[in-house]
Amino acid sequence: MESLAVFNSSLSLCSPSDDHFIPKHPRPSPTTSFPAPRIAMSKLEVRCAAQAQSAEPKPKEAKLWGGRFEESVTDAVERFTESISYDKALYKQDILGSKAHASMLAKQGLITISDRDSIHQGLSEIERRIENGEFEWRTDREDVHMNIEAALTDLIGEPAKKLHTARSRNDQVMTDFRLWCRDAIDAIGAKIKHLQVSLVKLAMENEGVIVPGYTHLQRAQPVLLQHLLVAFVEQLERDAGRLLDCRVRLNFCPLGACALAGTGLPIDRFMTSAALDFTAPMKNSIDAVSDRDFVMEFLSANAIMAIHLSRLGEEWVLWASEEFGFLTPSDKVSTGSSIMPQKKNPDPMELVRGKSARVVGDLVTLLTLCKGLPLAYNRDLQEDKEPVFDSVKTILGMLEVSAEFAQNVTFNRERIQKSLPAGHLDATTLADYLVKKAIPFRTSHDIVGRAVAVCVSKSCQLQDLSLDELRSIHPVFDKDVYEFLGVENSVKKFSSYGSTGSACVASQLGDWVTKLEITKEV
């Protein structure tokens, strides 16, 4: 999606080097000049300084809103208030919305059919120029809307001046932004499915592999590796569900709400809403231009997903360590060290873990930005774009690289198998055995705890205890107890819905193969 490709700000600042601000000398009095800098200026600073001295000021273009003003804004204000450096990412949605608006104006008799056609042709030409890198984005035109409108006026003349009839930048930007977020959600959804498919395929390749399950990062119970991998698939499905729910709520059209109060002109908001594939126009014009709850919900869904991905990242970083040794990433998804020749680091998943912080931070930025704002529109809301662009760009990258990692790892079955005896993973299954012998669970818990204590003193496993040793702890034990001991037997005993039992996991995996339309390779 081209509109999601680039979110970098083009704003350049010419500032002194950090060394200028280190107080190496006593602070000068107000009448004393600052000491000469002790570090040479960078090429960028020299160029900026030369431009400041030699460039003649260009005459400023009159603002599209400048009728009641007698003076132009200062250069500092213009630099500070521009948003074109980042909101140009909305150009496709802005052009789409303007075409729909022009069609509606023509149908309602507010502009002529000829005007509509000229506007459509001009907007198509501007879109072509943008996509071919031929369009000049101008800071003095402030934002994506005024850049496109001013360029349209340059291109087709008077008809372009009619395009903003019954429209404000307030409802225009909200329309663009809702369209952009809708497209972004669709793009993220595709990446989620790709990661789910990668995880399910990885699970299918590791049928029957038992790994230690952990709580508190301590050995707990044996689980099938497939069961663990599908747990992440389930989490991702809820992430996708949150995004789809958000998409439903954001898919209402603000266009025609104008600045805040609507308009007295005979527009048809239902026509523009349908043309842009919205569910319906937003019912309240003040609400339409003032609230950003759909953005907060979107970033909240992204933040929750980022937390899930960070947990996947942490799991695999731990498992790739020498201490665990359960997983080996291929060279394709590993990096080395600049000083330690032996290192092979799972850096992509470390960065997945780390980048979750930015996605959470983007949400916090939006929440803080919107807190306490009075109705309706406030210029503060210009700052809502960059956190959203960053969140989307980051989450798309996290999903993509997690899928790449899943496709390029192998599980070290021998190392995993050797690790299984440690930790008395079958202890809970032994307690279940006693419950089946009509021993109350709390009593069973105590009995097994004493059996584990014997094993600790003898440095052995529960299955290594003789029947006599078990009966010395409680006489209820019989020869059938050994059918419950050992990780393989333990896993076989799980049978509850959603559990790690072989049949249960096979059912879970089969459901995902069907849902994700995965073809089993012969």
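How many helices and strands are there in the protein? There are 19 helices and 6 strands, where helices (H or I, at least four residues) and strands (E, at least two) are DSSP runs numbered from the N terminus. The model is a predicted one, so to speak of local features takes a pLDDT of at least 70, side-chain atom pairs count only at pLDDT 80 or more, and totals for chains, interfaces and linings use all residues. Residues are numbered from 1 along each chain as its sequence is written, and side-chain values use heavy atoms, with hydrogens and water left out.

Of the 522 residues, 44% count as buried; buried here means under 20% relative accessible area, exposed means over 50%, and partly exposed is in between (1.4 Å probe, protein chains only). Contacts are heavy atoms within 4.5 Å. Among contacts between residues at least 6 apart in sequence, 75% join residues at least 24 apart.

Axes are lines fitted to C-alpha atoms, for helices over the stretch in contact, and angles run from 0 to 180 degrees between N-to-C directions. On the α8 side, Gln 226, His 227, Val 230, Val 233, Glu 234 and Glu 237 meet Val 505, Gln 508, Leu 509, Trp 512 and Lys 515 of α19. The residues of this contact divide into 5 nonpolar, 3 polar and 3 charged.

Gln 196, Val 200, Ala 203 and Met 204 of α7 make the contact with Leu 509, Trp 512 and Val 513 of α19. Sorted by type, the residues of the contact of α7 with α19 come out as 6 nonpolar, 1 polar and no charged.

A further helix pair is α5 and α6, packed at about 115° with axes 10 Å apart. Here α5 passes α6 in a right-handed crossing. The α5 residues in the contact are Ser 118, Ile 119, Gly 122, Leu 123, Glu 125, Ile 126 and Arg 129, and those of α6 are Ile 148, Ala 151, Leu 152, Leu 155 and Ile 156. They divide into 8 nonpolar, 2 polar and 2 charged.

Asp 143 counts as buried because its relative accessibility is 7%, whereas Thr 139, at 37%, counts as partly exposed. The Asp 143 side chain reaches the backbone nitrogen of His 145 at 3.1 Å. Leaving out residues up to four places away in sequence, Asp 143 touches Ser 83, Ile 84, Asp 87 and Arg 169, and Thr 139 touches Glu 78, Glu 82 and Ile 84. Thr 139 and Arg 79 are 60 residues apart in sequence, yet their C-alpha atoms are 7.4 Å apart in space.

Helix α15 (residues 427-436) buries Ala 427, Thr 429, Leu 430, Ala 431, Tyr 433 and Leu 434. These buried residues pack against α16 (441-458) and α18 (487-493). Just after α15, Ala 438 takes a positive phi of about 75°. Val 487 lies in α18 and is buried because its relative accessible area is 9%. Its C-alpha atom is separated by 5.9 Å from that of Asp 426, 61 residues away along the chain. Residues up to four places away in sequence aside, Val 487 touches Ile 210, Pro 222, Leu 420 and Leu 425.

Definitions and conventions
Ala, Val, Leu, Ile, Met, Phe, Trp, Tyr, Cys and Pro count as nonpolar, Asp, Glu, Lys and Arg as charged, and the others, Gly among them, as polar. A polar contact is a pair of N or O atoms within 3.5 Å; within protein, one must be able to donate a hydrogen and the other to accept it, and residues adjacent in sequence count only if both atoms are side-chain atoms. A crossing is left-handed if the near helix is turned anticlockwise from the far one by less than a right angle, and right-handed if clockwise.
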